[in-house]
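Keep the structure open beside you as you read.

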Amino acid sequence: AQTQGNLNLTTSPLPISIKAKPGTSVSTDLRVQNSGSQTEILKIDLYKFRAYGNEGKPQILDREPGDNYFDWVSFNTPTFRAEPNVWKTIKMNINIPKDAAFGYYYAVVFSRTDQARPDANQNTDIVGGSATLVLLEADVPGAKRQIDITSFTANRKIYEFLPVNFSLTLKNNGQVHAAPSGTLFISRGGKQVATIAVNGDQGNVLPSSSRIFSTVWSDGFPV
């Protein structure tokens, strides 16, 4: 949820991931709730996004020359009434051409109809609206999928007691986004003493970007 200029909206789910074959059409439901006390008349604007930094934050960007994948998208209702505390479902339709391949990353922004198009090129937020992120994979044979571990650290060298904080940096050297997950196994003297899930929230790593995942060992014996 974001509040900008007294507009209070909640979107769900966030983000949305879609996988489909080129030459097909797909649709997904976008849900938005007006959390304010007054009825709002809202519109939909389409942007793109890319990874910003290494913490999984998106940078919202305007369409640029060559971004023809914007033309694949339509909405069943580009403007609508949003009553207070009522969830509204908007259908997003995507017609994927036969020559599409790999990943396309949309930011769908809800804002008031009586205001100018919200400012893009923000590091994390969209000014004047609330954004839902949609990740589309045009599934083609031979797509490169590669996630590499570039660093694994703890915040101290020596611990007497738990918790222990671990940081794992993953880089996506493939051609499509991925939500990597795994398990950290901790052993002492040849005996396994703990297992810790990594990226249990299924956060995505975009192509040619890195992301840090943090996890905590808090249940067990002092170290």
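This is a predicted model: local features need pLDDT of at least 70, side-chain atom pairs count only at pLDDT 80 or more; totals for chains, interfaces and linings use all residues.

With a relative accessible area of 28%, Asp62 is partly exposed. Asp62 forms a salt bridge with Arg117, and their closest N and O atoms are 3.5 Å apart. Asp62 sits in the loop between β6 and β7, while Arg117 belongs to the loop between β10 (102-112) and β11 (130-138), so this pair ties together parts that are 55 residues apart in sequence. Arg117 is partly exposed as well, at 37% relative accessibility.

Now turn to another pair. Lys48 makes a salt bridge with Asp67, with 2.9 Å between the closest N and O atoms. Lys48 is in strand β5 (residues 40-52) and Asp67 is in the loop between β6 (57-61) and β7 (73-75), so the bridge joins parts that lie 19 residues apart in sequence. Both of these residues, Lys48 and Asp67, are buried.

The structure holds 13 salt bridges, and some of them form a network that links Lys21, Glu137, Asp139 and Arg145. Within it, Asp139 pairs with Arg145, the closest N and O atoms being 3.8 Å apart. Asp139 is buried, at 17% relative accessible area, whereas Arg145 is partly exposed at 47%.

Finally, look at Val86, in the loop between β8 (79-82) and β9 (87-95). Val86 is partly exposed, with 43% relative accessibility. Leaving aside residues up to four places away in sequence, Val86 touches Val32, Gln33 and Asn34. The C-alpha atoms of Val86 and Asn34 are separated by 6.5 Å, although these residues are 52 apart along the chain.

Notes
Residues are numbered from 1 along each chain as its sequence is written. Side-chain values use heavy atoms; hydrogens and water are left out. Helices (H or I, at least four residues) and strands (E, at least two) are DSSP runs, numbered from the N terminus. Buried means under 20% relative accessible area, exposed over 50%, partly exposed in between (1.4 Å probe, protein chains only). Contact means heavy atoms within 4.5 Å. A salt bridge is a side-chain nitrogen of Lys or Arg within 4 Å of a carboxyl oxygen of Asp or Glu.
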